[in-house]
Amino acid sequence: MKDNFSAQASDYARFRPHYPAEMIQYIMINVAQHQNALDVATGNGQVAAALSPYFKEVYAVDISEQQLANATQLYNVHYKVASAEDLGFEDGTFDLITVAQAIHWFDFTAFYKEVNRLLNSNGVFAVLGYGLFSAGLEADKVLHHLYREILGAYWDEERRYLDENYSTIPFPFAEIVAQKFENRFSWNVEQLLGYLNTWSAVQHYINKNGINPVDLVKAELQTIWGRGEKGVVLPLLLRIGRKVYFFFAYFILLTIVV
């Protein structure tokens with residue numbers, strides 16, 4: 001797994017959008033037992049914190065110590081540094097395993113082997129994410145210019161899975177057809193620019209060119225946004241599945257199909 005977010009860990013905690021309560025509640029409808037949950041690539045612990053009211057214990061891992069240093073602290077949420085491909089828990093420990101806005105960075109084969117090992121017999125696996133947000137025609141034109149033209153060559157190859165709404169990732173589970181969700185926010189220009197600066201491609205651009213690409217569109221966005229807040233719509237991604245017992249054959253078949 002790539003570590004693209006340690007450098008901006010504090011901004012990530014401050015500006016990355018949260019998942020709505022109704023989306024978490026929907027996931028929980030499909031979970032039979034509520035003893036232990038695991039959130040992989042937890043970042044600042046957004047999803048781990050959202051799961052904490054529903055489980056006796058929540059475990060959350062990330063490869064970035066800087067991200068975990070900014071994580072939400074709760075009595076039943078336990079953080080540790082670990083990779084998605086080597087999670088280090090006992091077999092059959094978890095009722096639910098989640099990964100939010102990160103599965104595209106993983107080695108699918110190694111990660112899914114871990115998920116299948118760690119889920120109990122009734123275990124559920126959920127992938128969450130979000131796509132490119134919308135803020136009205138005028139703002140979207142500038143944002144798409146930044147996303148595709150300025151930053152196009154600076155996105156990691158794995159980003160395509162998000163652009164494809166996670167529909168093309170291998171998913172070796174008995175899939176449950178998921179409800180569609182979106183998130184709506186009112187952002188001021190500081191929140192907008194703060195979020196844009198958490199994009200991994202922005203950091204790649206800075207590292208190569210020594211300038212921040214967000215600054216190339218900042219003045220135009222400030223003019224469009226004005227001094228107040230503007231509505232933002234964020235499309236959410238969700239795939240849910242149950243553990244299967246013919247995992248390896250199913251995974252190989254899905255990999256061939258994809």
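What covers the buried residues of helix H10? Among the elements that do so are helix H6 (137–150), strand E7 (182–187), helix H8 (189–196) and strand E8 (230–242), where helices (H or I, at least four residues) and strands (E, at least two) are DSSP runs numbered from the N terminus, and contact means heavy atoms within 4.5 Å.

This is a predicted model, in which local features need pLDDT of at least 70 and side-chain atom pairs count only at pLDDT 80 or more, while totals for chains, interfaces and linings use all residues. Residues are numbered from 1 along each chain as its sequence is written, and side-chain values use heavy atoms, leaving out hydrogens and water.

The buried residues of H10 (residues 215–225) are Val-217, Leu-221, Ile-224 and Trp-225, buried meaning under 20% relative accessible area, exposed over 50% and partly exposed in between (1.4 Å probe, protein chains only). On the face of H10 turned away from this buried side sit the exposed residues Ala-219 and Thr-223. After H10 comes Gly-226, with a positive phi near 75 degrees.

The structure also holds 24 aromatic pairs, counted when rings of Phe, Tyr and Trp (its six-membered ring) have centres within 6.5 Å, with planes under 30 degrees apart called stacked, over 60 edge-to-face and the rest tilted. Because the ring centres of Tyr-112 and Phe-173 are 5.4 Å apart and their planes stand at 80 degrees, this pair is edge-to-face. Both residues belong to a cluster linked by ring pairs, which also includes Phe-106 and Tyr-161.

| Residue | Relative accessibility |
|---|---|
| Tyr-112 | 0%, buried |
| Phe-173 | 1%, buried |
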